[in-house]
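Reader: I am new to this one and would like a friendly tour. Could you show me the sequence and the model, and then take my questions?

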Amino acid sequence: MEVNEQSRRKRVARLKKIIIFLVVFFLLLPLVICFILGIKIRELSTRIDELTALLNARMESSPGITRTLPEEDTEIPLNEETSENEEEAEELPQTAQHKVYLTFDDGPSVYTDEILDILREYDVKATFFVVGKEDDVSKAAYKRIVDEGHTLAIHSYSHKYGEIYNSLDDYAYDLERLESLLYEVTGTQCKYVRFPGGSSNKVSKVPMSDIIKYIHAQDMEYFDWNISASDAVNTALAPEAILANVTNGIDKYETDVILLHDTGNRKSTVDALPMIIENIKAREGYELLPIDENTELVQHLKIEE
Ligand SMILES: [Zn+2]
């Protein structure tokens, strides 16, 4: 009887051990897998950077290859339109007047001041398509953009595709919210808009032509871009790769609207900026300007009104 009781206890103890082992094992397993996947992602990201840099270097050395199409602002599907700008662009002689517009989307961020410092150092004016932020640091950034002669422009208050592109009312609400915030803070009535994802985005449930008509009814104009730094697609892109993305094909257009990003995870854009400015300034007949009423419209989607 006692022997039986003893062996039963032993069995129970062994079973307990097995259960504890299994519980610990299955708790640790996902953690270990996550860790390994994390390392893999880092490795792949580095590899992508290397390949991008390599590709850019190749493209630069072989002028026969056409430049990549303007990319979307974020990773939403790209419009299939065959870049009208590219087809219409004329080859221009080196001495012709090129107007280059540096545009920064998605700010203000922790890097806005640094970007503004660099622009001031080089005496360059740019355009900032901002999002809505109501903290004091962001408000100071909006003010500094205006005070230093840059163009403050509207991107989106929330920048949430799922909200702003649900209906025209939702879009209008978002736009008016940002417009009034910027007016309140800076006293400036913003006139220029860049749609999140561009006018060629494929996520809007509202036809973009309706939104464009609404924008025009507000006496505003929208701008897309014809050159992308691709700094949104890959946040870890090396500054040299960003420089190559910006300057590849820059001589194809008379007006270049360059898409860059001002967000907290894009230090490489900040690092690339002095190189970009120096490269463009070194070209004869090139001018760096902020978007204004004289800027030739660069738009992916044009509508008949
Ligand atoms: Zn954006």
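Reader: What percentage of the residues in the protein chain is buried?

Author: Welcome! This is a predicted model, in which local features need pLDDT of at least 70 and side-chain atom pairs count only at pLDDT 80 or more, while totals for chains, interfaces and linings use all residues. Residues are numbered from 1 along each chain as its sequence is written, and side-chain values use heavy atoms, with hydrogens and water left out. A residue is buried under 20% relative accessible area, exposed over 50% and partly exposed in between, with a 1.4 Å probe and protein chains only. Of the 305 residues in the protein chain, the buried share is 47%.

Reader: How many helices and strands does the protein chain have?

Author: Both are DSSP runs numbered from the N terminus: helices are H or I with at least four residues, strands are E with at least two. Counted that way, the protein chain has nine helices and eight strands.

Reader: At what angle do the axes of α3 and α4 cross?

Author: Axes are lines fitted to C-alpha atoms, for helices over the stretch in contact, and angles run from 0 to 180 degrees between N-to-C directions. Under 35 degrees counts as roughly parallel, over 145 as roughly antiparallel, 65 to 115 as roughly perpendicular and the rest as oblique. Helices α3 and α4 are therefore roughly parallel to each other. Their axes come within 10 Å, and the crossing angle is roughly 15°.

Reader: Which residues of α4 make the contact with α3?

Author: Contact means heavy atoms within 4.5 Å. On the α3 side, the contact is made by Thr 112, Asp 113, Leu 116, Asp 117 and Arg 120. On the α4 side, the residues are Ala 141, Arg 144 and Ile 145.

Reader: Is Ser 268 buried or exposed?

Author: Ser 268 sits in helix α9, residues 267-281. Leaving aside neighbours within four places in sequence, Ser 268 is in contact with Thr 235, Leu 237, Pro 239 and Ile 242. With a relative accessible area of 12%, Ser 268 is buried.

Reader: Is the peptide bond from Gly 107 to Pro 108 cis or trans?

Author: Most peptide bonds are trans. Pro 108 lies in the loop between β1 (98-105) and α3. With omega near 0°, the bond from Gly 107 to Pro 108 is cis.

Reader: What is the phi of Asp 219?

Author: Most residues other than glycine have a negative phi. Asp 219 lies in the loop between α7 (208-217) and β5 (221-222), and counts as exposed at 68% relative accessibility. Although Asp 219 is not a glycine, its phi is positive, at about 65°.
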